[in-house]
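Here is a short briefing to read alongside the model. Please keep the sequence and the 3D view open as you go through the points.

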Amino acid sequence: EVQLLELLHSHRLDILVDLNGNSEGGMEKALALRPVALQVNYLGFPFTLSGKYIDYSIADTVVVPPSTYDLDACCGAADPDAAPDDFGRLGAGEKLILMPESYMVLSHTLAPVYEPPAVTRAEFGLPEEGLIMCNFNQAYKITEGLLS
């Protein structure tokens with residue numbers, strides 16, 4: 001973390017965009033020291049970090065439904081010393097920047113780099129019909145408790 005702080009100071013950055021958030025490997029302690037004047041949470045953890053060290057969180061109304069945040073907080077009128085409730089209302093720290101359609105930058109015009117091989121459900125021992133749910137997250141996050 002010391003090396004990160006030194007690096008950030010040496011580049012004299014105006015804005016830092018944290019792409020990790022509260023996920024494993026996050027740098028909350030370094031960010032809490034405010035190495036950059038404006039700090040933004042984006043992509044890696046699409047909700048409030050509930051810390052005074054993040055100024056803005058970029059999201060949309062799908063990942064942060066309006067019922068889970070205070071509109072006044074979104075506009076900067078909330079008390080920054082207020083404790084978050086069980087939903088992590090954004091009034092506890094950062095202001096919310098809502099993107100119009102999706103906070104995730106994607107382009108439907110990009111062609112795939114490769115053509116994946118055709119596979120069948122039978123090759124994976126799956127039934128020919130019915131819904132199959134999957135998770136393309138990191139495997140360590142899938143625990144027995146999550147599946148029970």
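Of the contacts in the protein with a separation of 6 or more, 48% come from residues 24 or more positions apart, where contact means heavy atoms within 4.5 Å. This is a predicted model, so local features need pLDDT of at least 70 and side-chain atom pairs count only at pLDDT 80 or more, while totals for chains, interfaces and linings use all residues. Residues are numbered from 1 along each chain as its sequence is written, and side-chain values use heavy atoms, with hydrogens and water left out.

**Overall make-up**

- The protein has four helices and four strands; helices (H or I, at least four residues) and strands (E, at least two) are DSSP runs, numbered from the N terminus.
- Along the sequence, these elements follow the pattern α-β-α-β-β-α-β-α.
- Among the 148 residues, 24% are buried; here buried means under 20% relative accessible area, exposed over 50%, and partly exposed in between, with a 1.4 Å probe and protein chains only.
- The accessible surface of the protein is about 10800 Å², and carbon and sulfur atoms supply 60% of that surface. Accessible areas come from the Shrake-Rupley method with a 1.4 Å probe, and for residues only the protein chains shown count as cover.

**The sheet**

- Four strands make an open sheet in the order β1-β2-β3-β4, with parallel pairing; two strands pair if DSSP finds at least two bridges between them.
- The edges are taken by β1 and β4 (95–98), each of which has a single partner strand, so one side of each lacks a neighbour in the sheet.
- On average, neighbouring strands of this sheet are turned by 25° against each other, direction ignored. The axes behind such angles are lines fitted to C-alpha atoms (for helices over the stretch in contact), and angles run from 0 to 180 degrees between N-to-C directions.

**Strand by strand**

- β1 and β2 run parallel and are joined by four bridges, and Leu-16 stands opposite Gln-39 in β2.
- Three bridges link β2 and β3 in the parallel sense. Val-40 has Tyr-56 in β3 as its bridge partner, and Tyr-42 has Ile-58 in β3.
- β3 (residues 56–59) is joined to β4 by four bridges, and the two run parallel. Ser-57 is partnered by Leu-96 in β4, while Ala-59 is partnered by Leu-98 in β4.
- Why can β2 be called largely enclosed by the rest of the structure? Four of the five residues of β2 are buried.

**Nonpolar core**

- The largest nonpolar core holds seven residues: Leu-8, Leu-16, Leu-31, Val-36, Leu-49, Tyr-53 and Ile-54. A nonpolar core is a set of buried Ala, Val, Leu, Ile, Met, Phe, Trp, Tyr and Cys residues joined through side-chain atoms within 4.5 Å.
- In soluble globular proteins, nonpolar side chains tend to be buried together.
- Setting aside its neighbours within four places in sequence, Val-36 is in contact with Leu-13, Asp-14, Ile-15 and Leu-16.

**Aromatic pair**

- The structure has one aromatic pair. Rings of Phe, Tyr and Trp (its six-membered ring) pair if their centres lie within 6.5 Å, with planes under 30 degrees apart counted as stacked, over 60 as edge-to-face and the rest as tilted.
- Tyr-42 and Tyr-103 form this pair, which is edge-to-face, at 6.0 Å centre to centre and with 85° between the planes.
- Tyr-42 lies in strand β2 and Tyr-103 in the loop between β4 and α4 (144–147), so the pair ties together parts that are 61 residues apart in sequence.
- Tyr-42 is buried, at a relative accessible area of 14%, and Tyr-103 is buried as well, at 8%.

**Positive phi values**

- Arg-12, a residue other than glycine, has a positive phi near 50°. Arg-12 sits in the loop between α1 (2–11) and β1 (15–18), and is exposed, with a relative accessible area of 72%.
- Arg-34 is not a glycine either, yet its phi is positive at about 55°. Arg-34 belongs to the loop between α2 (28–32) and β2 (38–42), and is partly exposed, with a relative accessible area of 30%.
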